[in-house]
Amino acid sequence: YVSVPCSAAIESNLLLLSKQHVIDYGFGATSFSVIDREQLEKLKNLKRNEISLKFLKMAAKMIEMFGSTGVLDAISTAVSLREPLLVYPLVNKPGGSISERYYCIQCLPGSSVEDVYNSLKHHVVEAFRIDGDFIRAEVKEIKQPEGTAMRQCGKDLVLDSTTCVLKILTNRKVVWQQK
């Protein structure tokens with residue numbers, strides 16, 4: 001197991017104070033500085049913001065001990081433990097050639113063919129609009145020898161990093177025909 005010390009409350013409050021232009025801080029930064037002492041003094045005078053000074057001291061202590069609030073580190077560590085599935089949609093052109101467009105859909109690990117189809121059908125990437133109902137999919141994996149035909153698969157096939165080509169076939173049914 002991996003543990004990353006972090007405080008989302010400190011990160012959130014630092015970002016809030018930064019948005020109010022009281023401190024200079026950016027998400028995941030390793031330090032902050034007070035830029036508007038007058039605004040900080042005004043915050044001190046308000047009863048609910050008496051916590052601000054205590055909070056800033058606590059935030060400084062955490063950053064000193066761990067190097068940051070740890071929120072960005074926690075997110076980065078979580079992603080590195082289970083990297084997303086990257087899908088690059090391609091479009092077949094008349095004549096069989098393939099048009100490459102450099103868009104990428106990030107899917108959760110364990111995503112299925114149906115998940116990718118739904119992403120494309122619901123316009124996650126506007127340039128790749130799939131109309132019609134799902135008929136079947138064909139997949140080619142990295143380990144398949146060159147020249148091997150793509151194999152048919154259903155909606156429930158779970159994709160992983162060995163899948164290098166996924167072809168989704170749909171009918172020509174469009175929204176106005178469904179009535």
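Predicted model: local features only at pLDDT ≥ 70, side-chain atom pairs only at ≥ 80, totals over all residues.
Leaving aside neighbours within four places in sequence, E141 is in contact with R151, T162, T163 and C164, where contact means heavy atoms within 4.5 Å. Residues are numbered from 1 along each chain as its sequence is written, and side-chain values use heavy atoms, with hydrogens and water left out.

**The chain as a whole**

- The chain has 5 helices and 9 strands; helices (H or I, at least four residues) and strands (E, at least two) are DSSP runs, numbered from the N terminus.
- Following the sequence, the pattern reads α-β-β-α-α-α-β-β-β-β-α-β-β-β.
- Of the 179 residues in the chain, 28% are buried; buried means under 20% relative accessible area, exposed over 50%, and partly exposed in between, with a 1.4 Å probe and protein chains only.
- Among contacts in the chain with a separation of 6 or more, 52% are between residues 24 or more positions apart.

- E141 lies in strand β7, which covers residues 134-141.
- With a relative accessible area of 14%, E141 is buried.
- The side chain of E141 makes a polar contact with the side chain of R151 at 2.9 Å. A polar contact is a pair of N or O atoms within 3.5 Å; within protein, one must be able to donate a hydrogen and the other to accept it, and residues adjacent in sequence count only if both atoms are side-chain atoms.
- E141 and T163 are 22 residues apart in sequence, and their C-alpha atoms are 4.4 Å apart in space.
- K140 also has its place in strand β7, and at 18% relative accessibility K140 counts as buried.
- Not counting residues up to four places away in sequence, K140 touches P145, G147, T148, M150, T162, T163, C164 and V165.

**The nonpolar cores**

- The largest nonpolar core has 17 residues, of which V87, I105, C107, V113, V116, L120 and F134 touch the most other members. A nonpolar core is a set of buried Ala, Val, Leu, Ile, Met, Phe, Trp, Tyr and Cys residues joined through side-chain atoms within 4.5 Å.
- Two or more residues of this core come from each of β3 (85-87), β6 (105-107), α5 (113-121) and β7.
- The element that gives the most to this core is α5, with 4 residues.
- A second, separate core holds 12 residues, including I10, V22, F55 and L56.
- In soluble globular proteins, nonpolar side chains tend to be buried together.

**Helix α5**

- In α5, the buried residues are V113, V116, Y117, S119 and L120.
- Seen down the axis of α5, these buried residues fall within an arc of 160°, so they line one face of the helix; the arc is that of the directions from the helix axis to the C-beta atoms.
- The buried residues of α5 pack against β3, β6, β7, β8 (151-153) and β9 (163-170).
- V113 touches F134, A137, C153, G154, K155, L157, L159, L166 and I168, not counting residues up to four places away in sequence.
- Just after α5 comes H123, which takes a positive phi of about 60°.

**Helix α1**

- The 12 residues of helix α1 (residues 8-19) should span 16 Å at 1.5 Å a residue, and the end C-alpha atoms are 16 Å apart, which agrees. The expected span of a helix is 1.5 Å times one less than its number of residues.
- I10, E11, L14, L17 and S18 are buried in α1.
- Seen down the axis of α1, its buried residues fall within an arc of 130°, so they line one face of the helix.
- The face of α1 turned away from its buried side carries the exposed residues A8, A9 and K19.
- H21 follows α1 and has a positive phi, near 60°.

**Helix α4: A74**

- A74 lies in helix α4, residues 71-81, and at 25% relative accessibility A74 counts as partly exposed.
- Not counting residues up to four places away in sequence, A74 touches V4 and C6.

**Cysteines**

- The structure holds 0 disulfides, a disulfide being a pair of cysteine sulfur atoms within 2.5 Å.
- C107 is buried at a relative accessible area of 8%, and C153 is buried at 11%.
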